[in-house]
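The sequence and structure are shown first.

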Amino acid sequence: MFDTLASTGFQPLPAGIDVMPAGAELAAALAAVDRTRLAPHDTVRLVDAEARQLSHQQARFHAAAREAALADPEAPGGRAEREAADGGDELRARLSLSRTATAAVLTLADAAVRHPELGARWAAGRLDQKRIEHIVRETGDLSGEHAGKVIHEVLPVAAGMTYRALIERLRELAMAIDPDWARRREENARRQRRVRATVTAAGTVNVCGLDLPLSPGTRMTRQINRLAARVKALGHPGRIDTIRGDVLTTRFDPALSGATDDEIVAAVLALADEDDPADHLSHDPADAPPDPAAPDRDEPDRDEPDRDELDADEPDANGVEAGAEEPAADRRRGPRQSRFEIRVRLSTLLGHDEKPARLPGWGTVHAGQARELVAEHADAEWRVAITDHTGALVATLVTRRRPTRCTTTPQDPDPPGMPRAVVELHVSEAELDRLGPDHELAWVRVLGDLREQWARRRAAEALRPEDGRFPSSALRRWTEMRDGTCVFPSCHCPAVDAEIDHTLPHGAGGPTADGNLGPLCLHDHLLKDRPGWCLRQPRPGHFSWTSPTGHTYHRAPQVLFDALPDPDPPDHPSDDTPYGYATNDPIWDGDPYPRGPAPRARPDPPRRRPGHHDDPPPF
């Protein structure tokens, strides 16, 4: 594309710069480049080479800092036998760093030595400092044995993961390898639940609940979203975030103590201010219809047979009837409401293993929390993903059956515009074949329904292209569950919160079929239509983005659940002490007006980490 650089006045990059190892040679090559004279295509290549060299240089800096922290003229060889973090005082003076900042530098440096494979990738420029920081932080509480196993597992793929995906993978690996530690850590942190308030530089206030129990926290969030959706449906002109803020402050206003939900909604409507940011309604370029009223939550009686889910065109989690066309007046949409979603292995819910679960957009939770959340969301849409031995999706089901003692009738039905929660169960076809209804009495109806649906699905034809512009609920579910997130390579917007897009536009002849559909968040949906960007789907679930500079980025089909190690009790226990403590201090962080010399509550003493000794000096 740029093979005639001399005639265009662009400077070519040095030969082999894309594969040149980080170090002195690459540094010299980069120093000779005039970045203002590069062709657009080569500016991106330059960034990649600069990032590689920067990571290499950061690794060298941390290694040098460690040597300085260990330097001791009185010790044999000029180096002390101690943790580098214990000797960083001169670095504080030399680099004008705080103790916290110095300790952070030396912690990374020590980790690079303690885990040679990690240090080698950093020194070679194959892993940047930010990813190193996440890896060290997420494994810092683990025993040395478990930390090494988690790091070894994640290193081959870490460079290609976003920071968020890397953190989630590290956490699920740690929870899987030591589920008892994960449970203890959550329990200890929950005992330190607290609320803190901080006045910002602008004169506003941030109120934060810290280490709150997960289930009450999700219920509180759901209630805030529910009330905000009601206010929005009644015509509030503001943005949904602003409405949520008003819901929170109004709920705890002493003047409205004991107010009903209707009174809260009315009070929030009265707070609407024309000076607040206006809701940005814009033409919807998506192929998905606008957010409609929430679907009917009424579940069939437990003793009645289920409808045939194989060809059912019931409303999906968005409440969209299959093949429905949007009215012309509704082609301008307001804010899309995110929804609660949990993805969990069926074997975990049955108690066969202790694998962690994912809450897209929230994080990773241990098995006990997953079971509790699923039980609380029996009124959600329960989707079932059946996978092959590689973890790839082969079929999607929907079950209306629930385990015994689970109620599917919501105590407070969601208002119009409030999307329905989703529980996504994952099970391999081989495992489902092995699970008979007698495996778990509480789940006998669910398992029987799944086996019956799976038998019908095996005999059915594959998903066929559809005539309408909008996919049926079954095709939409398949697309959302197959791709998991927005299909831009580095985007993690959950697919259930994204818009279903025709890769080749429907108006240009693109079919409504699984090989031409994919979820895109609003930003990336608009990006696709910008000049110079091109999205192709050569095979179902394979996406290729070409940028205006001519580079192509591939997004491979997603494995629904990556393999996780079995529990492995460590030789030395991992650290499960909380990161913060509940006290009797004022609620305000940095309170400038303390109310007298009230006695301060001492936090619980932290547990000693492995390697520390309690013997008195000099022992």
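## Burial and overall make-up

In this predicted model, 44% of the 619 residues of the chain count as buried. The chain exposes about 32300 Å², of which carbon and sulfur atoms supply 54%.

The secondary structure consists of 19 helices and 15 strands. Among contacts with a separation of 6 or more, 67% are accounted for by residues 24 or more positions apart.

In soluble globular proteins, nonpolar side chains tend to be buried together. The largest nonpolar core here has 30 residues, and those with the most contacts inside it are Ile-342, Leu-346, Ile-386, Leu-425 and Trp-443. Elements giving two or more residues to this core include the strands β5 (341-345), β8 (381-387) and β10 (422-428), as well as the helices α14 (346-349) and α15 (367-376). Helix α17 gives the most, with 4 residues.

Beyond its neighbours within four places in sequence, Leu-346 is in contact with residues including Leu-425, Val-427, Leu-435, Trp-443, Leu-447 and Leu-450. A second, separate core comprises 28 residues, among them Leu-127, Leu-155, Ala-165 and Leu-170.

## Aromatic contacts

The structure holds 5 aromatic pairs. One of them joins Phe-488 and Trp-545 edge-to-face, at 5.0 Å centre to centre and with 75° between the planes. This pair links distant parts of the chain, 57 residues apart: Phe-488 lies in the loop between α18 (473-483) and β11 (499-502), and Trp-545 in strand β14 (residues 542-546). Both residues are buried, and together with Trp-533 they form one aromatic cluster.

Elsewhere, the charged end of Arg-345 sits over the ring of Phe-561, 4.1 Å from its centre.

Note on methods. Residues are numbered from 1 along each chain as its sequence is written. This is a predicted model: local features need pLDDT of at least 70, side-chain atom pairs count only at pLDDT 80 or more; totals for chains, interfaces and linings use all residues. Side-chain values use heavy atoms; hydrogens and water are left out. A nonpolar core is a set of buried Ala, Val, Leu, Ile, Met, Phe, Trp, Tyr and Cys residues joined through side-chain atoms within 4.5 Å. Buried means under 20% relative accessible area, exposed over 50%, partly exposed in between (1.4 Å probe, protein chains only). Contact means heavy atoms within 4.5 Å. Accessible areas come from the Shrake-Rupley method with a 1.4 Å probe; for residues, only the protein chains shown count as cover. Rings of Phe, Tyr and Trp (its six-membered ring) pair if their centres lie within 6.5 Å; planes under 30 degrees apart count as stacked, over 60 as edge-to-face and the rest as tilted. A charge sits over a ring if NZ of Lys or CZ of Arg is within 6 Å of the ring centre and within 35 degrees of the ring normal.
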